[in-house]
Amino acid sequence: VVWEEKDLYDSSAMTKTFSKIQGDYSNYHGKWFLKKLGDKTRLSIDVNVDWDIPSFEKVIGPILKEKTKRIIRGMLAAVKLRSEKLNKTTNETVVK
């Protein structure tokens, strides 16, 4: 699955809105949300995906839906891993 997206950041609202420019999806858009929870931050994502292949929806729809879920879980895991590495680096710098 390949796509190119346009991203709009709103630092005061702690959101990123995105929409597909081109790619495999017929329609792809959504929003990332960051919410401060004490000394932690929660990242949530709302995604809308449409493959626009009604004749195959019953057959491959569930497969495409699961593939899309795996892609989104992978993105969230990558963000978590990167933020943990950055946090560790920041904490090590502060301690020194």
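I started with strands E3 (residues 27-37) and E4, which pair in the antiparallel sense over 11 bridges. Strands here are DSSP runs of E, at least two residues, numbered from the N terminus, and two of them pair if DSSP finds at least two bridges between them. I also noted that Lys36 has Thr41 in E4 as its bridge partner.

This is a predicted model, where local features need pLDDT of at least 70, side-chain atom pairs need 80 or more, and totals for chains, interfaces and linings use all residues. Numbering runs from 1 along each chain as its sequence is written, and side-chain values use heavy atoms, without hydrogens and water.

Next I looked up the sheet: it is open, has 4 strands in the order E1-E2-E3-E4, and pairs antiparallel. E1 (3-10) and E4 (40-50) sit at the edges with a single partner strand each, so one side of each has no neighbour in the sheet.

Then the rings. I searched the whole structure and got 4 aromatic pairs (ring centres within 6.5 Å, using the six-membered ring for Trp; planes under 30 degrees apart are stacked, over 60 edge-to-face, the rest tilted). Trp3 and Tyr28 have ring centres 5.1 Å apart and planes at 55°, so I logged the pair as tilted. Trp3 is in E1 and Tyr28 in E3, so this pair ties together parts 25 residues apart in sequence.

Buried or exposed? Tyr28 is buried at 2% relative accessibility, while Trp3 is partly exposed at 22% (buried is under 20% relative accessible area, exposed over 50%, partly exposed in between; 1.4 Å probe, protein chains only).

Phe18 and Tyr28 make another tilted pair, 5.2 Å centre to centre with 40° between the planes.
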